[in-house]
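Good morning, and thank you for coming.

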Amino acid sequence: MSVVNPNKTWQKQFNRIVKSGFKKGFINAVHISSGTVDVYFAENPQTIIKNIPVSKNITMASVMAGQRCKIDIFDEINPNDMVVAYTY
C-alpha cells in the first residue's frame, strides 16, 4: 500500500484554484425577464460583458441603466462565473 503525501496533494489542488475577486462596473442594459444585465467595467469602458446574472436579493425593478455595481468574479477566465452583488 502506497502512502500519499498530504502536502503534495494539497499543493497540487491549490495550484488548480483560480483566484476570485470583484470589480466595479456600470450597468449598460437591463434584461428583466432573464434577471441579467449588461455591464462594462470602470477600468475598461469599451468592453461590455453581456448577460451577467443579478443577485437574487436585488429586485430587478430597481435596477436601471447607468447605475454603478459591484461584480463578484468567481473565475476570471470564465465570464459566466460572475454575479452582480449590489448596485448603488
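Predicted model: local features only at pLDDT ≥ 70, side-chain atom pairs only at ≥ 80, totals over all residues.

Does asparagine 51 count as buried, partly exposed or exposed, and why? Asparagine 51 counts as partly exposed because its relative accessibility is 48%; buried means under 20% relative accessible area, exposed over 50%, and partly exposed in between, with a 1.4 Å probe and protein chains only.

Residues are numbered from 1 along each chain as its sequence is written, and side-chain values use heavy atoms, with hydrogens and water left out.

Asparagine 51 belongs to strand β3, residues 44-53; strands are DSSP runs of E with at least two residues, numbered from the N terminus. Its phi is near 60°, a positive value in a residue other than glycine. Most residues other than glycine have a negative phi.

Let me turn to the sheet. Five strands form an open, antiparallel sheet in the order β3-β2-β1-β4-β5, where two strands pair if DSSP finds at least two bridges between them. Strands β3 and β5 (82-87) each have a single partner strand, so one side of each is left without a neighbour in the sheet. Between β1 (residues 21-31) and β2 (residues 36-41), which run antiparallel, there are six bridges. Isoleucine 27 stands opposite valine 39 in β2.

Next, the aromatic residues. The structure holds two aromatic pairs, meaning rings of Phe, Tyr and Trp (its six-membered ring) whose centres lie within 6.5 Å; planes under 30 degrees apart count as stacked, over 60 as edge-to-face and the rest as tilted. Phenylalanine 26 and tyrosine 40 are stacked, at 5.5 Å centre to centre with 25° between the planes. Because phenylalanine 26 lies in strand β1 and tyrosine 40 in strand β2, this pair ties together parts that are 14 residues apart in sequence. Phenylalanine 26 counts as buried at 19% relative accessibility, whereas tyrosine 40 is partly exposed at 23%. Tyrosine 86 and tyrosine 88 form a tilted pair, with 6.0 Å between centres and 50° between the planes.

Finally, two lysines. Lysine 23 lies over the face of phenylalanine 41, at 5.5 Å from the ring centre, and lysine 70 lies over the face of phenylalanine 22, at 5.0 Å. A charge sits over a ring if NZ of Lys or CZ of Arg is within 6 Å of the ring centre and within 35 degrees of the ring normal.

Key: Helix = DSSP H or I, 4+ residues; strand = E, 2+ residues; numbered from the N terminus.
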